[in-house]
Amino acid sequence: MQRVYLGVQPHASSRLLHGLALLEQELEYAGYRSERTDLAWSLETYRERPEVKIYIGNREDCTFLRTLEEREVLIYHSGTPGKEGFYLASLPGNLIVVSGAGDTGALYGAQELARLIRKAGRIPELIAWGETPEFMLRGPVLGLQKTTVEPPRRTYEYPITPDRFPWFYDKPMWLEYLDMLCAQRSNVVYIWTGHPFASLVKLREYPEALEVTEEQYRQNVETFRWLASEADKRGIWVVLNFYNIHIPLPFAEKHGLELHQPKPMPITADYTRKSIAEFVRSFPNVGIMLCLGEALHGSLYGAEWFTETIIAGVKEGLADLNVKEYPPIILRAHAVKAEPIIEKALPLYPILYTEAKYNGESLTTWTPRGGWVKTHNNLSSMQSVHIVNVHILANLEPFRYGAPSFIQKCMQAARHRQQANGLHLYPLFYWDWPYSADKTEPRLKQKDRDWIWYAAWARYAWNPDRNPEAERHYWTEELAERFGSRASGEALLEAYEAFGECAPRLLRRFGITEGNRQTLSLGMTMSQLTNPDRYSPYKALWEDHAPQGERLEEYAEREARGEAHIGETPLDVVESAERFAGMAAQAIERARPHVSRNAEEFERIASDVEAIRYLVHFYGAKVRAAVRVLRYKHAAGGNYLERVDILEEAVPYLRESLDWYRKLAGLTAETYLYANSMQTAHRKIPFPDGQKYKHWSDCLPLYEEECRRFAERVDELKAGRLPLRAAGEEVIEPYRPAAFTLLSPNAETYTVQKDSCLFTDGEVFIQSYAEELEGLTGIRFSREEAASRGVAVEFELTEPARVLVGYFNSAEPQWLRVPTLDENTHADDRGGLSPVLRKGIKAAFYPSVNVHAFLYEPGRHVLNLGRGAYAIVGVIQADQKTVARDVSPLSERACSLDWLYG
């Protein structure tokens, strides 16, 4: 047995020693007898032993490596390794050196040498090879969050306990996960929470803020410190994310505060600053990342909160540690403009990293454009680390995804188009970590099921510009190793590449949003396809996160006018998606005879391919039906008893789409527990309530009813009868008012009627209003104050009620904008995100007003919606049914065509 002597620089860190251990393991497997030696490693003495010698060091502080460089025994022919890079070299005297840029680079170099030994079964004769990563931060996300809300806590609020998160305390699981990340050269793991401090630190001044028992607190601290230490050994930085302003439930109850605070208060600022300081003292090698948007009105208070509370807390904690260098703080550019906040904060804290979403909350394209790219470019120009966040993946769940070429092109776009140099990667089924949604016993772990997802993003975060032909060979070999043969590997790679094109294409052309609000795999309704404005579509989806192209309405308008089409059309998308789905199905069948390992997982992949094929054909047929509905709309010109022949063509397509959906529901009944990982009211598309409509079988009856009603409406039109909704013959009852007490001295009540003024200043008069609002008591205040600073309205209720808030239909900055679930997860905590009355009030010489209904429980409340003018047009009893409708003129309402489906 050949002996190999191993050396490592003096006072080696845990990362260097971990790399040495990886190398020892592979040498043993290859039949060598390795021996660590403490001989004096120097230029003059290393040749004294004739055997093969391997030396590992950090070139920045290793005397032996620096001497080899200075004497030109060690020359970096491909360039000196950059941050976290490495170079492997065979040198005279049977010496192999692993030279790392930093301890992490040396770890990666040892790891790479171990891989070469494993692949060849021996130590290579000649090595001269170096690599440096393109992205400075590379790693995935885990969520200490759950799929459902725990009242009275709100979204994101979960104390860290074994019953909620047993996996957090599972040290063997953590070691497997960290080893996987290390093998993929990931150097960061992000852990997301709403408010972690109440589970990880204790404050003498605020003992009530601790949300867990003393015993649980001690276990949490021990576990988190152990995790940070094990991660550091593998070159991985643990980063904890939190939201603002969130406070613990017992703290909120004691002080009579809401769990989520929209603006700073002395007590919340003091508590948060002290919490962060104590966290930094307790876990000095753990990073922090924060979101200033959502609950906090970041545009008003973000800079103040960041500089005076967050940064102040970090600096206070660091002062007690007597550190020489500040650790980075990562600021998430979400629901807030980060650039001015960074500019104000840099003089106070010099190391600030930034993060923004890549394709929003989905994966849609490798050609991002528009305002989103501008945001990335602005942030990356600050000469710091800018991170792209591959977020949520709402359009991919619950299926597998592993199209390496799609992922590679995305990382190239992130690097070269968005100028980013960090990756923040979500799992494919975030809210239910560590499990996938597969219907298996025991349940599958995402780490194992989605190995290719993690491996591909990590590979291209290290180097996005690898040769495509070489990459095809690489992934073929990876799949062949897992499934038993090269033939199976080639076919499976083709399948992954093909079905990986389907969901991104469908969402970017037809979706309402790229966020958590929509579950693409559960389908869409005809109304959502033909009248998307009713569902508050998120324009960034097609303006920023899609190639140039046309939505369905634009396509229909161009067709009606005989104009040429521009970019990707709806029919282009469904035809290409159907083609790719067919290619994937054929490739799976070619692979099947050659699979000799992991046969059960292969069949699960095959089932996913079949499910995606059904889904694609469902969308294809439904889009073709929608095209005909819109063609009918333009041809009829408002006379809906004309050109019904066009509408008739849509009926068989809608029935075909239903047939495909039945197949999808039948297949997934056997293979998946649910489709969406976030099962809350946050889910709106295709049907509201992610808990009630979480599986295809839940949605099928509604699609069946939609198809039946559509066919009935077409028959009525053929018989010369216009449906009541289209004819404007509905009977409308006024809302029932609820009693309330106005407590704000800067506001007053008024009666909703013609010529009433909506504000205490500025002549904004009601010209007309929806019948439902007749005689309600509204609340008015200063429009100028609301527009410039924001107005808080305090009131008291003795019964559950809905507060009717009117948003003006204008993009001008003086008017309050409707919050979106795409930017603010808490926007629909009280319901009312979608208007109940579109254009419910017409104001003389001002924009029309959409009326929203927000639910409040009995008690005192403060309505603080941020900066911008809005109207409060009534308070109504909570138990009455509110039917959403357009209050526009009859012709405009009929033009939506929603009466065809209901």
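Predicted model: local features only at pLDDT ≥ 70, side-chain atom pairs only at ≥ 80, totals over all residues.

Tutor: Strand β13, which covers residues 386-390, is joined to β14 by four bridges, and the two strands run parallel. Within this pairing, valine 390 has leucine 425 of β14 standing opposite. The chain between these two strands also deserves attention, for β13, helix α12 (residues 404-417) and β14 together make a right-handed β-α-β unit.

A further partner of β14 is strand β7, made of residues 137-143, and here too four bridges join the strands, which run parallel.

Now consider the two faces of β14 itself, which spans residues 422-425. In a regular strand, side chains alternate between the two faces of the sheet. In β14, Gly422 and His424 lie on one side while Leu423 and Leu425 lie on the other, and all four are buried, so that both faces of the strand are covered. Buried here stands for a relative accessible area under 20%.

For contrast, you may turn to valine 323, which belongs to the loop between α9 (298-321) and β11 (329-332). Valine 323 is partly exposed, because its relative accessible area is 36%, and that value falls between the limits of 20% for buried and 50% for exposed. Together with Leu321 and Tyr326, Val323 forms a nonpolar patch on the surface, and the three residues have about 200 Å² of accessible area together.

Methods: Residues numbered from 1 in each chain as written. Heavy atoms only, no water. Patch = residues over 30% accessible without salt bridge, like charges linked within 9 Å, V, L, I, M, F, W, Y side chains within 5 Å. Areas by Shrake-Rupley, 256 points an atom, 1.4 Å probe, with all protein chains shown as cover. Salt bridge = Lys/Arg side-chain N within 4 Å of Asp/Glu carboxyl O. Buried < 20%, exposed > 50% of the residue type's maximum accessible area, 1.4 Å probe, protein only. Pairing = 2+ DSSP bridges. Right-handed = clockwise from strand over helix to strand, strands pointing away.
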